[in-house]
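Here is a short tour of one protein model, written for someone who likes to know the cut-offs behind each term. Please keep the 3D view open as you read.

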Amino acid sequence: LMPNPATLPANVVLAILDGHASLTAGTNLFSCPPKPHSALVPRNCVFVWEQFSFLPHTYIGVDKDDRQFIVDMYLRYADDFDTGRTLAYGCWALLQRANVSAYTGYISCTTRDSGPRYIGIDDTDNHRFVITTNLRYVG
């Protein structure tokens, strides 16, 4: 059997972002699809989760596969567009070519776009940004 990563892809992205600006895992940085604002989920927050992965590439004669995981980072920011955009670009800069060597099997983290994508205002007037990352894993 091929091993699964010891650290799930979304948790790698979460660890890279944890501590950036005002982001704190479990407080305003979550490893799950976006959730609505509540007593436990602030309006200004970030969600990271796996979207999908590509077909693994098998190495001939070696018990390893090269796998690529797609992880989305969704930033919801209520206060103002410019501050939300600045935070989104800061997150993008951390994720593009992030050093993932501390996470067994991961060999690279790159973003799929040249910056965060603004996807508009939701129905509760929060600005929304998305960054899509590609995590490569060999194991």
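## Model and confidence

This is a predicted model, in which local features need pLDDT of at least 70 and side-chain atom pairs count only at pLDDT 80 or more, while totals for chains, interfaces and linings use all residues. Residues are numbered from 1 along each chain as its sequence is written, and side-chain values use heavy atoms, with hydrogens and water left out.

The predictor's confidence in each residue, pLDDT, runs from 0 to 100. For the protein chain its mean is 94, and 99% of the residues reach 70 or more. Confidence is lowest in strand β3 (residues 57-58), with a mean of 85, and highest in β1, at 98. Helices (H or I, at least four residues) and strands (E, at least two) are DSSP runs, numbered from the N terminus.

## Helix α1

Let's start with helix α1, which spans residues 9-17. Of its 9 residues, 7 are buried, so the helix is largely enclosed by the rest of the structure. Here buried means under 20% relative accessible area, exposed means over 50%, and partly exposed lies in between (1.4 Å probe, protein chains only). The buried residues of α1 are Pro 9, Ala 10, Val 12, Val 13, Leu 14, Ile 16 and Leu 17.

What do these buried residues pack against? Their partners are β1 (29-30), β2 (45-53), β4 (65-77), α2 (81-95), β5 (106-111) and β7 (127-138). After the helix comes Gly 19, which has a positive phi near 95°.

## Nonpolar cores

A nonpolar core is a set of buried Ala, Val, Leu, Ile, Met, Phe, Trp, Tyr and Cys residues joined through side-chain atoms within 4.5 Å. The largest one here holds 29 residues, and Leu 17, Val 48, Met 73 and Leu 135 have the most contacts inside it. At least two residues of this core come from each of α1, β2, β4, α2, β5 and β7. The largest share, 6 residues, is supplied by α1.

A second, separate core has 8 residues, among them Phe 30, Cys 32, Val 41 and Tyr 74.

## Aromatic rings

Rings of Phe, Tyr and Trp (its six-membered ring) pair if their centres lie within 6.5 Å; planes under 30 degrees apart count as stacked, over 60 as edge-to-face and the rest as tilted. By this rule there are 8 aromatic pairs. In one of them, the ring centres of Phe 47 and Tyr 74 are 6.2 Å apart and the planes are at 45°, so the pair is tilted. The pair links distant parts of the chain, with Phe 47 in strand β2 and Tyr 74 in strand β4, 27 residues apart.

Both Phe 47 and Tyr 74 are buried. Together with Phe 30, they form one aromatic cluster.

## Strand β7 and its partners

Two strands pair if DSSP finds at least two bridges between them. β7 runs antiparallel to β4, with 12 bridges joining the two, and Tyr 74 stands opposite Val 130 in β7. β5 also pairs with β7 in the antiparallel sense, over 5 bridges, and here Thr 110 faces Asn 134.

Strand β6 (residues 117-121) is joined to β7 by 4 bridges, again antiparallel, and Ile 121 has His 127 as its bridge partner. β6 and β7 form a hairpin with 5 residues between them, and Asp 125 in the turn has a positive phi of about 65°. β7 is mostly covered, with 11 of its 12 residues buried.

## Salt bridges

How many salt bridges does a search of the whole structure find? There are 3, counting a side-chain nitrogen of Lys or Arg within 4 Å of a carboxyl oxygen of Asp or Glu. One of them joins the side chains of Arg 136 and Asp 66 (2.2 Å, N to O). This pair links strand β7, which holds Arg 136, to strand β4, which holds Asp 66, 70 residues apart. Arg 136 is partly exposed at 26% relative accessibility, whereas Asp 66 is buried at 8%.

Arg 85 and Asp 82 also meet in a salt bridge (2.9 Å, N to O). They are 3 residues apart in helix α2, which means about one helical turn separates them. Asp 113 forms a salt bridge with Arg 117, with the closest N and O atoms 2.3 Å apart.

Methods: Contact = heavy atoms within 4.5 Å.
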